[in-house]
Amino acid sequence: MNASAGNSLIEARGVIRILPGIVPVTLVHDIDLTIGNNEFVAITGPSGSGKSSLLYLLGLLDMPTAGEVLIRGRATTDMEEDERAMTRLATLGFVFQFHFLLPEFTALENVMLPMRALGALPPVAMRERAAMLLESFGLTDHIGKRPDQMSGGQRQRVAVARSLANDPPVVLADEPTGSLDSQSSEQVFRILRDLVEVRSKSVVAVTHDLDLAARMDRRMQLIDGGIVDGAQMAGASRAAPV
Amino acid sequence: MSLTVDIALTHVRSRARQTLVAVAGVATGVGFSIMMASLMVGSQNDFMRQLIDALPHIAVSDEQREPQRQPAELAFGAVRIYGLTPERRREGIKNPMAIMAALSAWVPGAIAPSTKTQAILRYAGRDFAASVTGIDPHRERYVSALPTQMRQGTLASLFTAGNAIILGDRLAEKMGARIGSNITVQTGEGAHIGAQVVGLFHSGVRQVDESTAYVLVKTAQILAQQTGLINELRVRVRDPLAARDIAQRIERETGYKSIAWQEAHEDLLSSFVVRNVVMYTVVGAILLVASFGTYNIISTITHEKARDIAILKSLGLNERTVRRIFVLEALIIGLAGALAGFLLGYLLCVALGTIEINNPFMDANRLPLVYDPLHYAIAGLVALVSSFAAGYAPARKAARVHPVDIIRGAT
């Protein structure tokens, strides 16, 4: 789309995803898009439009039935499982609608998890970085708490901290504020925007909240698995009916 | 601590009760296996010791394994002989002293000459067949356990009467004879002497105890009606298990039939094989049952943790790492179970060892138990291997989960 191809982080080329079954379901249909550096992208659409499915495809959690997803210009469909896992670990951060923290581990340990899996830092440095990330999201007092001892907003902030653990260039967020009250939503949204503005990351967020989407830099609207053209204009209230 | 170990330990620890049940299952399996093995091997060793002690380790007799070859057979390639009446050979081992001197040069152990003869013992008007062996009480203690098996009297008592005889305790019981009884000994050669019972022995092997009697060598020679007769050399070797090889070499060198205790008790030894098969089958079954407990808990954990697995995989942990986590959990349970089982097994053995049994058919009044580190090692190893196998299947299944399937359906 409007990002230059040279510094594309994620690129989708004719991506199609069909769920096999007695009645095959087309989740995503023929998508072409490019996510460049330092972008804040919203993917919107009614429920069932395939926006989450598209995010999973971009995040290598799912494999396209046809087409190709490129991460930093590298094709991913022919990668080995391990290599895809490694790419995910090092270049992509995930935030889900539900925090998806490991329940038996503290906030600090949860944030350290991806770092330990990657193993690029010495243990002391991992601990310092995890603590630093949590502190930067105002969670200094909750470092040693387990998920069930925190509020929804706090958990989601821990999840964002975890997505940044290995300092990935892109964070993919699937309805990051979907299960939060408006105050916590605002807090999490501000954090996501800071990622773009302060830390120069790219953030791709799926949301059905059009007000939220309106405050992002770039919008894509999905209907029935395909991108609706011209949905990039500002003024989300005029966007497609829900 | 590595990430996999950390996660595995956390999973196992946060399910303390289930883990405890699985560990207890493995521990029970390992513990009872150790106890079974200890008891089986203990009783087998005990029995083996009795067998080894009941007879000389090797008995060299004046017999040959095959009938003597006739001169014509030696001279011609094909001979058929009808109506042969073999020449009567003089009984006994020829030049016994020279043979003993030759053997003692290399046989690791002691050798003693003896005279063996079959006789009828008559007491209170009843006849009993017995194998009467003439021994030298001074040398006998080097070649058999007879001195330690004496229940009444000693070997030296053989010198106390003119014709003294020591009977197996069951033989004496059958006859109704006791110490001091005068019995009549009669042989096929026509000898007929009166003898006084001066001792009773008990070897623990029924067949020996009810049909064996000991006299002095010279008394036996009178019974056999042949002066200077030595028809059996009794050998005791330092390593009873090597007796078979030594017996074969003696036979090769002297030409006389020499029978090791293993050959004499071949039927009993082959029953040990069956016993061992039974033992290992039972022990294996116990451990197998225990491993189902492990399978169960790992299976349950992977089900409960489906979401965590999806999270880990969405973060970018690969299949191998996820699989390793759950296999590790199974191994932790297996290891904890094995260690607890070692303790349980040891305590069970100690407890069994304190039980006293007053049974007229048994010599020992405590259960014979063996404490062999090998049993512990084998039981522990089997527990670990079966835990690994039990954990591997659910672990593999867990590792193959597609994170999207779980995340899509999450609430």
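User: What does buried mean for a residue in this predicted model?

Analyst: Buried means a relative accessible area under 20%. Over 50% counts as exposed, and values in between are partly exposed. The model is predicted.

User: Why is B:Val41 called buried?

Analyst: B:Val41 has a relative accessible area of 18%. The cut-off is under 20%, so B:Val41 is buried. B:Val41 lies in helix H2 of chain B, residues 16–54.

User: Which residues does B:Val41 touch, leaving aside its neighbours within four places in sequence?

Analyst: B:Val41 is in contact with B:Met279, B:Val370 and B:His375. Contact here means heavy atoms within 4.5 Å.

User: How far apart are B:Val41 and B:Asp372, in sequence and in space?

Analyst: In sequence, 331 residues separate B:Val41 and B:Asp372. In space, their C-alpha atoms are 9.3 Å apart.

User: Why is B:Leu347 called partly exposed?

Analyst: Its relative accessible area is 48%. B:Leu347 is found in helix H14 of chain B, residues 319–354.

User: What makes S3 and S8 of chain B a strand pair?

Analyst: Pairing needs at least two bridges. Five bridges join S3(B), residues 126–135, to S8(B), so the two strands pair. They run parallel. In one of these pairings, B:Thr133 has B:Tyr214 as its bridge partner.

User: How many bridges link S5 and S8 of chain B, and in which sense?

Analyst: Two bridges link S5(B), residues 164–168, to S8(B), in the antiparallel sense. B:Leu167 stands opposite B:Ala213.

User: How do you know that helix H5 of chain A has a span close to the expected one?

Analyst: H5(A), residues 152–163, has twelve residues.

User: Why is H5 of chain A called mostly covered?

Analyst: Ten of its twelve residues are buried. Among them are A:Gly153, A:Arg157 and A:Val160. The buried residues pack against several elements, including helix H3 of chain A and helix H13 of chain B.

Terms used:
Residues are numbered from 1 along each chain as its sequence is written. Chains are lettered from A and ligands numbered from 1 in the order in which they are written. This is a predicted model: local features need pLDDT of at least 70, side-chain atom pairs count only at pLDDT 80 or more; totals for chains, interfaces and linings use all residues. Side-chain values use heavy atoms; hydrogens and water are left out. Helices (H or I, at least four residues) and strands (E, at least two) are DSSP runs, numbered from the N terminus. The expected span of a helix is 1.5 Å times one less than its number of residues. Buried means under 20% relative accessible area, exposed over 50%, partly exposed in between (1.4 Å probe, protein chains only).
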